[in-house]
2 protein chains.
Amino acid sequence: MVQSSHTVTAFEEDMKFLAHKIAEMGGLAERMVENAIRALIKSDLQLAQKTIADDAQLDEAQALLDEKVVLIIAQRQPMASDLREVFSTIRIAADLERVGDLAKNIAKRVVAISERGHSVNLARGIEHLGDLALAQMKEVLDAFGSRSVTRINMIRDRDDEIDAMYTSLFRELLTYMMEDPRNITTCTHLLFCAKNIERIGDHATNIAESVYYIVTGKHLAADRPKEDKTHRIVIGEADG
Amino acid sequence: MVQSSHTVTAFEEDMKFLAHKIAEMGGLAERMVENAIRALIKSDLQLAQKTIADDAQLDEAQALLDEKVVLIIAQRQPMASDLREVFSTIRIAADLERVGDLAKNIAKRVVAISERGHSVNLARGIEHLGDLALAQMKEVLDAFGSRSVTRINMIRDRDDEIDAMYTSLFRELLTYMMEDPRNITTCTHLLFCAKNIERIGDHATNIAESVYYIVTGKHLAADRPKEDKTHRIVIGEADG
């Protein structure tokens, strides 16, 4: 019995360690997104470079966490319910690693975009979309830290807002391209940046769903499609 | 001892079950990619719809596999080395699920693209890129099925070929847009389709790396960046 209680405590310690690692990864991913978008808006090549370099830390943290999880499971042999919690942690780490990749990809486009410059309007659109995605990141990391699910529905609703804003930005970018072919290169890169931000929002929502599962042991109903809604967009051009 | 040998056999049976599920998911993902690209080339809306609908099967298969893995670990309490193999299976399933998502996203763009039509040349470029990605998918699923790593390096090299071809298609699509603004909508959707195919190639390479790990117990050196190389592309326009 003492043995068993000791085992439980050790497992709880392990879970605390994993939670701490996730918080670290979350902080880094959040900062990368923030820096990537700032680098894009300000055409700050140095900040873009830093963001690209930071990604290696996130990849490394994920590899360490995955390896630690294998050791925890082998040593503690947790029950199925505890295993599910451990698995949720792996899933959250994978989502954060993808967020880092997406931020890095935005940072990599800064060079091409800054060569041509970009309109203040477009930058504002990207910035606003980025603010929404960042607010989501903060929200889900807080939810994970406090094991709170009270704001989960709000987080899902706000992802719909991000999708809607991405859709409108997509239209706007296509329109700019049509107005002046000199905008095409920049707008194409901005399109991919916007798409990346939209996907960062999806990953935040995934994390929210994992937190919900950790706290309640239940899966949220998969009632909301995460796909973006731009695939049907056809902009009517003047058929000159 | 008899008990232990019994346990080993049960675990091996479980691993066979997982391998069978992965083969099933792989076959489905491959077919979805094939159908999505065919639907795109032929503007076949019905085939596009079928591809979109098929994705639910793949999601379901992944959820079942994940749940089965939790039960296997809880029941068999495998050692760390066996756990790593089980984890590789989860990772392969996640890659296949993403391949299905990407195929679905291509299929969803068929409507917008077919409304405007597309040039035979562009379609040929996408088709060729798709053929390369499909060849990779077949190759890695065979490698998984036969637990063979002899062709792993070839698979990685061919991913470089896909990246190079994607880069050239990216340039070509930008050029088309500049030549005639009426091409912008279609070319933007084709750009995203090309990007999706490039990412399918990345996931195939991930799977190859997981197979390598399952067979050898070692990680392949992460010497090749999977990022695409289009982020620096700036097409020099005639400055009207």
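Predicted model: local features only at pLDDT ≥ 70, side-chain atom pairs only at ≥ 80, totals over all residues.
Local features need pLDDT of at least 70 and side-chain atom pairs count only at pLDDT 80 or more, whereas totals for chains, interfaces and linings use all residues. Side-chain values use heavy atoms, with hydrogens and water left out.

**View 1. Extent of the contact between chain B and chain A.** With contact taken as heavy atoms within 4.5 Å, 51 residues of chain B and 51 residues of chain A take part. The buried area, which is the accessible area (1.4 Å probe) that two parts lose on being put together, summed over both, is about 4,400 Å², and carbon and sulfur atoms give 60% of this area.

**View 2. The salt bridge of Glu67(A) and Arg84(B).** The side chains of these two residues meet at 2.5 Å, N to O, where a salt bridge requires a side-chain nitrogen of Lys or Arg within 4 Å of a carboxyl oxygen of Asp or Glu. Across the interface of chain B and chain A, four salt bridges are found by this rule. The elements that give two or more residues to the side of chain B that touches chain A are α2 (45–76), α3 (80–116), α5 (152–179) and α6 (184–216) of chain B, these helices being DSSP runs (H or I, at least four residues) numbered from the N terminus; the largest share, 16 residues, comes from α3(B).

**View 3. The axis relating chain B to chain A.** In chain B, the C-alpha nearest the axis belongs to Gln77(B), 3.0 Å from it.

Key. Residues numbered from 1 in each chain as written. Chains lettered and ligands numbered in written order. Least-squares fit on C-alpha atoms with pLDDT ≥ 70 in both.
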